[in-house]
Amino acid sequence: MQPFDYIKPQTLEEASALLLQHNGQARPFAGCTDLLIRIERGFVHPQVVVDVKDLPGVHDLLVVRNGDLRIGAAVTMNQVALNPTVQSGWPLLAEGCGSVASYQLRNRATVGGNLCNASPAADSAPALICYGASVHIFGPDGPRTLPLEAFFLGPGRTALQAGELLTAITVPFVRGSAGHFLKLGRTTIGDISLMNVAVLGWPDSDVPSGSSWRIALGSVAPTVIRAPEAERLLSQDTSPAGLEAASQAAAAAARPIDDIRATAAYRSDMVRVLTRRGVERVLEEIGG
Amino acid sequence: MKHDITFTVNDESYSIAVESHHNLLRVLREQLVLTGTKNGCSEGECGACTVLLDGEPVNSCLVLGVEADGHAITTVEGLAVDGHLAPIQQTMVELGGTQCGFCTPGVLIASHALLLRNPDPSEAEIRAGLVGNLCRCTGYVRIVDAVREAARMQRTSVSPIP
């Protein structure tokens with residue numbers, strides 16, 4: 001592995017200054033589970049890695065005053081997936097984080113790192129998008145907050161500017177909701193997603209079907225995407241016919257590619273199948 | 001660049017200087033000469049390098065050595081107590097859960113950790129707990145048997161090994 005230096009700053013200002021000062025040659029890291037592999041393979045050549053694990057608040061995993069869940073940037077997949085509060089209030093997120101790789105990898109991999117890598121297959125992202133999560137960023141101009149959907153720009157590309165780092169994620173509580181994360185890999189568990197679907201539904205007396213929905217699709221587009229037409233159709237009709245129409249609309253929202261893991265056609269068809277299964281399971285729980 | 005770190009490995013304290021770009025696996029194997037922990041894939045897939053970091057299993061190929069500063073590591077060399085094999089080590093031997101042996105140190109650490117957090121795992125829980133440990137010899141059946149038997153031994157033992 002090519003040599004690099006290691007710095008563990010104690011303040012956000014210091015971390016931001018380090019990232020800026022090395023002009024793209026410094027990389028923030030938390031869990032190391034992606035960055036070290038990329039360095040080893042020669043994809044990135046940082047002079048310095050900036051360990052974020054001593055920064056204030058990055059280990060927070062707590063419910064804040066308005067009921068939102070706050071996840072610090074260094075909180076691991078296992079800490080989220082195994083947390084009873086997350087499991088009861090944000091089960092979709094617990095399922096997504098718990099589906100990542102292996103137990104030992106989830107002990108290091110962080111939700112924040114998963115987002116910053118901006119893989120279309122990031123397993124924490126579809127759930128977070130369904131809950132309407134925001135990301136907190138700190139940079140040379142101070143803090144700012146962005147909706148997660150605006151954070152992803154493309155595969156491996158985020159809205160982070162020079163000198164900026166992700167500090168935390170806020171996940172709203174959706175009252176009465178039920179959600180499921182359905183993931184397809186080459187093996188039943190432990191694999192990267194060929195594609196995945198996150199479905200969140202909750203009772204809503206203001207819409208014709210009596211329930212509102214958010215559906216997010218992973219690994220079928222350059223970023224994790226919503227399926228807004230499918231969501232709209234479900235708010236109109238959750239009968240078997242409505243469900244079929246919504247599942248097809250979700251498949252139509254997908255823009256997958258052929259790659260080593262699956263063909264585009266297969267991915268699109270599995271969006272249809274997993275969306276239907278996910279909605280059926282949620283309907284059973286919220287009563288629809 | 002070198003960094004001074006102090007950490008414990010298998011309950012022994014070490015103060016050494018490590019290169020910032022060396023992973024914990026390399027520090028353990030090359031500086032501490034604890035070669036039980038193996039280097040398989042170098043990317044967190046195979047689990048041969050699994051060690052305990054503050055009691056929780058991690059892939060030591062994806063931990064920087066410098067990150068171990070102030071922490072406690074357990075490697076396969078630390079599983080036996082006073083020359084007595086841990087239950088999972090005994091049952092792996094007795095039930096033939098090891099063949100070429102390359103994956104075995106990681107399997108032992110991951111299994112040990114699984115039994116610490118779940119003293120009575122189902123077969124599905126054992127397989128899920130070991131999904132990050134690849135074995136190309138055994139077909140896993142005897143590994144699963146060994147973990148189940150070790151769990152039984154630990155539950156019924158009058159003085160369980162901590």
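**Entry 1: α10 and α11 of chain A**

In α10(A), A:Glu229, A:Ala230, A:Leu233, A:Leu234 and A:Gln236 meet A:Gly242, A:Ala245, A:Ala246, A:Ala249, A:Ala250 and A:Ala253 of α11(A). I took two residues as in contact if their C-beta atoms, placed from the backbone, lie within 7 Å. Helices (H or I, at least four residues) and strands (E, at least two) are DSSP runs, numbered from the N terminus. Ala, Val, Leu, Ile, Met, Phe, Trp, Tyr, Cys and Pro count as nonpolar, Asp, Glu, Lys and Arg as charged, and the others, Gly among them, as polar.

Helix α10 (residues 228–236) of chain A packs on helix α11 (residues 240–253) of chain A at an angle of about 170°, and their axes are 8 Å apart. Axes are lines fitted to C-alpha atoms, for helices over the stretch in contact, and angles run from 0 to 180 degrees between N-to-C directions. α10(A) and α11(A) are therefore roughly antiparallel to each other. The cut-offs are under 35 degrees for roughly parallel, over 145 for roughly antiparallel, 65 to 115 for roughly perpendicular, and oblique for the rest.

**Entry 2: numbering and limits of the model**

Residues are numbered from 1 along each chain as its sequence is written, and chains are lettered from A and ligands numbered from 1 in the order in which they are written. In this predicted model local features need pLDDT of at least 70 and side-chain atom pairs count only at pLDDT 80 or more, while totals for chains, interfaces and linings use all residues.

**Entry 3: a helix pair in chain B**

I then looked up helix α2 (residues 87–94) of chain B against helix α5 (residues 141–156) of chain B; they pack at about 135° with axes 8 Å apart. That angle makes α2(B) oblique to α5(B). From α2(B), the contact uses B:Pro87, B:Ile88, B:Thr91 and B:Met92, and from α5(B) it uses B:Ala146, B:Val147, B:Glu149, B:Ala150, B:Met153 and B:Gln154. I recorded 7 nonpolar, 2 polar and 1 charged residues for the contact of α2(B) with α5(B).

**Entry 4: the sheet of chain A**

I traced an open sheet of 5 strands in chain A, ordered β4-β5-β10-β6-β7, with antiparallel pairing. Two strands pair if DSSP finds at least two bridges between them. β4 (61–63) and β7 (142–147) of chain A are at the edges with a single partner strand each, so one side of each has no neighbour in the sheet. The twist averages 20° from one strand to the next.

Inside the sheet I checked strand β6 (residues 134–139) and strand β10 (residues 165–171) of chain A, which pair in the antiparallel sense over 5 bridges. A:Val135 has A:Ile169 in β10(A) as its bridge partner. Helix α1 (residues 12–21) of chain A lies across β6 and β10 of chain A, at about 125° to β10(A).

**Entry 5: domains of chain A**

I listed domain 1 (5–51), domain 2 (61–171) and domain 3 (178–286) for chain A. These bounds come from an automatic or database domain assignment. The centres of domain 2 and domain 3 of chain A, taken over C-alpha atoms, are 20 Å apart. Their contact takes 20 residues from domain 2 of chain A and 20 residues from domain 3 of chain A. On the domain 2 side, α5 (91–98), α8 (125–131) and β8 (152–154) of chain A are the elements that give two or more residues. α8(A) gives the most to that side, with 6 residues.

**Entry 6: hairpin and domains of chain B**

Strand β3 (residues 50–53) and strand β4 (residues 56–59) of chain B pair in the antiparallel sense over 4 bridges, and B:Leu53 stands opposite B:Glu56. The two strands form a hairpin with 2 residues between them, and B:Asp54 in the turn has a positive phi of about 50°.

I found domain 1 (2–77) and domain 2 (87–156) in the assignment for chain B. Between these domains of chain B, 14 residues of domain 1 are in contact with 11 residues of domain 2. β3 and β4 of chain B each supply at least two residues of the domain 1 side, and the largest share, 3 residues, comes from β3(B).

**Entry 7: chain A against chain B**

Last, I looked up the contact between the chains, which takes 19 residues from chain A and 23 residues from chain B. On the chain A side, β1 (5–7), α2 (35–40) and α6 (103–106) give two or more residues. That side of chain A divides into 11 nonpolar, 5 polar and 3 charged residues.
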